[in-house]
Amino acid sequence: MNGAGADPLLICKVGGESYAIRVDCVLELLALQKLTITPLPGMPSHVEGMINLRGQTLCIQNVRKMFGLTSLRDESTEIIQMLDDREHDHIQWLKALEAFVHDGTEFNLATDPHQCKFGKWYDQLMADPIEMNRFARDQLALVDTMGRFDAPHRRIHEIADKVLALVAKGNCKEAKQVVNQAKTNELRELKDLFASVRQLVERFHIGVVVVVERDGVRAGLVVDSVCDVKEFQDDNYLPHSLLKDDGWVQGFVQDEETHDLIQVIRLDMVSGFTPERPKPQVSELVSTT
């Protein structure tokens with residue numbers, strides 16, 4: 001959008017929500033995984049630490065933590081641990097089925113692929129485009145890899161009924177062959193997929209540092225991802241009716257294409273920046289950040 005009163009904003013994603021930062025306050029974008037951050041004791045929880053950026057000290061601050069959310073790093077660790085656990089579940093599931101064939105140990109685990117812990121999580125993820133987009137960070141490689149779980153996961157659960165039926169008929173030898181084939185084929189395929197997803201999560205669930213400057217002071221804001229740069233007219237700005245002096249959001253802009261409300265981050269709340277002057281006019285919501 002162009003015209004008088006148009007303000008360009010950098011649109012970012014944080015915890016599945018859209019946020020905006022004035023473009024004229026943005027200096028550059030940095031890949032978080034390439035930075036060495038030195039922690040600072042006694043600082044607010046959202047302050048990650050300091051980096052040396054071409055000879056200049058830069059304070060790195062986590063926008064997720066500003067809003068009381070789990071950091072992307074911690075969230076990624078939780079996802080990877082969950083994937084480890086679900087992979088282990090299927091290894092143990094096949095071992096339990098094998099024990100049933102060998103010594104008659106009772107097998108009472110889920111034979112329906114939609115009823116195991118992974119199946120319930122997977123079905124919910126695949127059925128919700130918003131949740132999948134949040135999980136995959138707009139990365140088609142991760143979306144594609146997740147889609148490839150369905151067939152081997154379904155097949156490995158399907159062998160349970162076959163094995164149980166073979167044992168009931170006294171055909172334990174063939175039942176053992178079915179289990180061994182599942183180890184070589186379906187279980188191996190699942191393990192490879194779990195490993196691939198973990199690698200992709202580690203690669204994409206990192207975050208981006210938006211280097212901003214205001215009144216000569218610089219800081220680095222960690223966001224999940226950077227989506228776009230858009231211009232908004234004054235009449236796209238909406239006041240924050242619940243705005244408090246210590247609030248991180250100073251108002252909203254409405255995207256005319258998607259009708260989404262995008263929250264505008266108050267840079268004066270960033271550690272090291274001075275407070276903004278009062279702005280009584282709605283049209284001035286972000287113009288003096």
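Me: Which helices are included in what covers the buried residues of helix 5?

Reply: This is a predicted model, in which local features need pLDDT of at least 70, side-chain atom pairs count only at pLDDT 80 or more, and totals for chains, interfaces and linings use all residues. Residues are numbered from 1 along each chain as its sequence is written, and side-chain values use heavy atoms, with hydrogens and water left out. Helices (H or I, at least four residues) and strands (E, at least two) are DSSP runs numbered from the N terminus, and contact means heavy atoms within 4.5 Å. On these terms, what covers the buried residues of helix 5 includes helix 3, helix 4 (129-136) and helix 7.

Me: Which residues of helix 5 are buried, and what do they line?

Reply: Buried stands for under 20% relative accessible area, exposed for over 50%, and partly exposed for values in between (1.4 Å probe, protein chains only). In helix 5 (residues 140-147), the buried residues are Leu142, Thr145 and Met146. Seen down the helix axis, the buried residues fall within an arc of 100° (an arc of the directions from the helix axis to the C-beta atoms), so they line one face of the helix.

Me: How many residues apart in sequence are the parts that Glu28 and Arg54 tie together?

Reply: The side chains of Glu28 and Arg54 form a salt bridge at 2.3 Å, N to O, where a salt bridge is a side-chain nitrogen of Lys or Arg within 4 Å of a carboxyl oxygen of Asp or Glu. Glu28 is partly exposed at a relative accessible area of 21%, whereas Arg54 is exposed at 64%. Since Glu28 belongs to strand 3 (residues 26-31) and Arg54 to the loop between strand 4 (47-53) and strand 5 (56-62), the pair ties together parts whose separation in sequence is 26 residues.

Me: What is the phi of Arg54 in the turn between strand 4 and strand 5?

Reply: Two strands pair if DSSP finds at least two bridges between them, and strand 4 and strand 5, which run antiparallel, are joined by 6 bridges. One of the positions involved is Ile51, whose bridge partner in strand 5 is Leu58, while strand 4 itself is mostly covered, with 5 of its 7 residues buried. The two strands form a hairpin with 2 residues between them, and in its turn Arg54 has a positive phi of about 50°.

Me: By how many helical turns are Asp192 and Arg188 separated?

Reply: The side chains of Asp192 and Arg188 meet in a salt bridge of 3.6 Å, N to O. Asp192 is partly exposed, with a relative accessible area of 40%, and Arg188 is likewise partly exposed, at 41%. As both residues lie in helix 7 (residues 172-204), 4 residues apart, their separation is about one helical turn.

Me: How many salt bridges are there?

Reply: Another pair is Asp144 with Arg148, whose side chains meet at 3.7 Å, N to O; Asp144 is partly exposed at 46% relative accessible area, and Arg148 is partly exposed at 45%. By the rule already stated, the count of salt bridges comes to 23.

Me: Which residues are in contact with Glu186, leaving aside its neighbours within four places in sequence?

Reply: Glu186 lies in helix 7, and at 13% relative accessibility Glu186 counts as buried. With the neighbours within four places in sequence left aside, Glu186 is in contact with Pro152, Arg155, Ile156 and Gln181.

Me: How far away is the cysteine sulfur nearest to that of Cys227?

Reply: A disulfide is a pair of cysteine sulfur atoms within 2.5 Å, and a search of the whole structure finds 0 disulfides. Cys227 is in no disulfide, and the nearest cysteine sulfur, that of Cys12, lies at a distance of 7.0 Å.

Me: What percentage of the residues of the protein count as buried?

Reply: The protein holds 7 helices and 11 strands, and of its contacts between residues at least 6 apart in sequence, 61% join residues at least 24 apart. Of the 289 residues of the protein, the share that counts as buried is 43%.
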